[in-house]
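Hello,

Here is the structure I promised to pass on to you. Have a look at it first, and then read on for what turned up in it.

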Amino acid sequence: MGDGLGDNEGDEQGNHLNGGTVTSIFQNCRLIDGVGDHARDQVDVIIEGTTIKAVEPTRARDAGEGRLIPTLGRTLLPGLIDCHAHYTLDPWARDPFSQVAREPVGMTMLRAARAARDGLLAGITTVRDAGAPRQLNFLLRDAIRNGLIPGPRLLSPGCAITITGGHGMTFGVEADGMDGLQQAVRAQMRDGADVIKIVASEAAMLTGPEAAVEELTQEEINMLASEAHRRGLRIFSHAQNSISVTRSARARVDSVEHAFLADGAALRELLDNQVTLTPTLAVTEVTLERDDLTPAFRSRMLHIRDKHWWSCEEAIRLGVNVVASTDCGEPCIYPSLLWRDIRILHDRGLGAMNAIKAATSRAAVLLGVEHFVGSIVPGLQADCILVDGDPLTDLAALGRVDMVMQAGRIVHTRTA
Ligand SMILES: [Zn+2]
């Protein structure tokens, strides 16, 4: 069948319409529901319209009950959630940041549409975008929401907020001082932000070996966090060194991104302030697989990767809540690579089920959408994926997505 997008519309394939509502039944699945601590076998999951209606022990059913979807030894899971992605940046470019500043807006949007489709086909049904030039993630979000193009549900911050000349200026808006930063955060809200993204430090991969110097002051991050929270939005902070991680944690942002170079004391601040960590692990691992690195860059990357691994391991040891993400849009980081991040979370010490929760229910809680998506329980939206194999024994199975259902509609099927 190939990768069919939207090729399984209910009525066209003789599906079952009860008063216009399609009923689909995943039969005899192995189910990982995103919240439980164990997989369950021999389960039927019944989808009515856009919603999960019931999860019950399997039994013989006749075709009149609904569209029967045989699961054939595969595992059903909630649609995956990517907590940090840049769909407007070009992972095929050597330098996505300068490319996006140069290219026509139309090209950026077309590529973003492709990224959204690629993410959805990889089983990712919800995404927190981490900043786009010219607030193009608002357009992308709205085009997906309006059914113009396929893609995950997107939570968009508009532009990331950074200082003049700071990291992220090509996918952000530059602002300085308390008044300027306050105006910048209010402008993102005015223009339709679902969430706020700030840049509290440089990026170690782009600067000197131990650089990643902090860029926002404690007072500034406090103001940005309270401004977002006062208006009912969550806020996440790019922070790579100990000082910026500590400041972001103390300001009680909802999540800190990367923390590549954070020490134990900074990571403990995350725990003490109940701040989630989005480590973006795939970035350092995949970057080291590139064959175009200079020896100097490779040795710097190895150093950063080792620090990054240590920081993630320590956060997991301490009990910091961690979630999964791709950080796609970085060179060679594609929207489909979420499974890599989940697998590295496991390699760094998170149990396999918790690594899956980091991309399902726990990610949903961080994004504030847990009453809607992130688990397979009755009443939630029917965002589900069928994967080939058992992710609990082989997390790479999450990279072998055979079927994607979004809001009750099968949007992708793959046959060998
Ligand atoms: Zn990022």
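In helix α5, the buried residues are Glu 220, Ile 221, Leu 224, Ala 225 and Ala 228. They sit on the same side of α5 because they cover an arc of only 125° around the axis. Please keep in mind that this is a predicted model.

What lies over those buried residues? The cover includes the strands β10 (160-162), β12 (195-199) and β13 (234-241), together with the helices α4 (177-191) and α6 (242-250). On the face of α5 turned away from the buried side you will find the exposed residues Glu 219 and Arg 230.

The helix itself runs over residues 218-230, 13 residues in total. From its first C-alpha to its last it reaches 18 Å, close to the 18 Å expected at 1.5 Å a residue. After α5 comes Gly 232, which has a positive phi, near 85°.

Now zoom out to the whole chain. It is divided into domain 1 (11-78 + 375-413) and domain 2 (80-367), with 30 Å between their C-alpha centres. Where the two meet, 20 residues of domain 1 are in contact with 18 residues of domain 2. On the domain 1 side, the elements that give two or more residues are β6 (75-78), β17 (401-406) and β18 (409-413). The largest share, 3 residues, comes from β17. Sorted by class, this side of domain 1 has 13 nonpolar, 5 polar and 2 charged residues.

Enjoy exploring it!

Best wishes

Notes
Residues are numbered from 1 along each chain as its sequence is written. This is a predicted model: local features need pLDDT of at least 70, side-chain atom pairs count only at pLDDT 80 or more; totals for chains, interfaces and linings use all residues. Helices (H or I, at least four residues) and strands (E, at least two) are DSSP runs, numbered from the N terminus. The expected span of a helix is 1.5 Å times one less than its number of residues. A residue is buried if 20 or more other C-beta atoms lie within 10 Å of its own, exposed if 12 or fewer, and partly exposed in between; C-beta atoms are placed from the backbone. The arc is that of the directions from the helix axis to the C-beta atoms. Two residues are in contact if their C-beta atoms, placed from the backbone, lie within 7 Å. Domain bounds come from an automatic or database domain assignment. Ala, Val, Leu, Ile, Met, Phe, Trp, Tyr, Cys and Pro count as nonpolar, Asp, Glu, Lys and Arg as charged, and the others, Gly among them, as polar.
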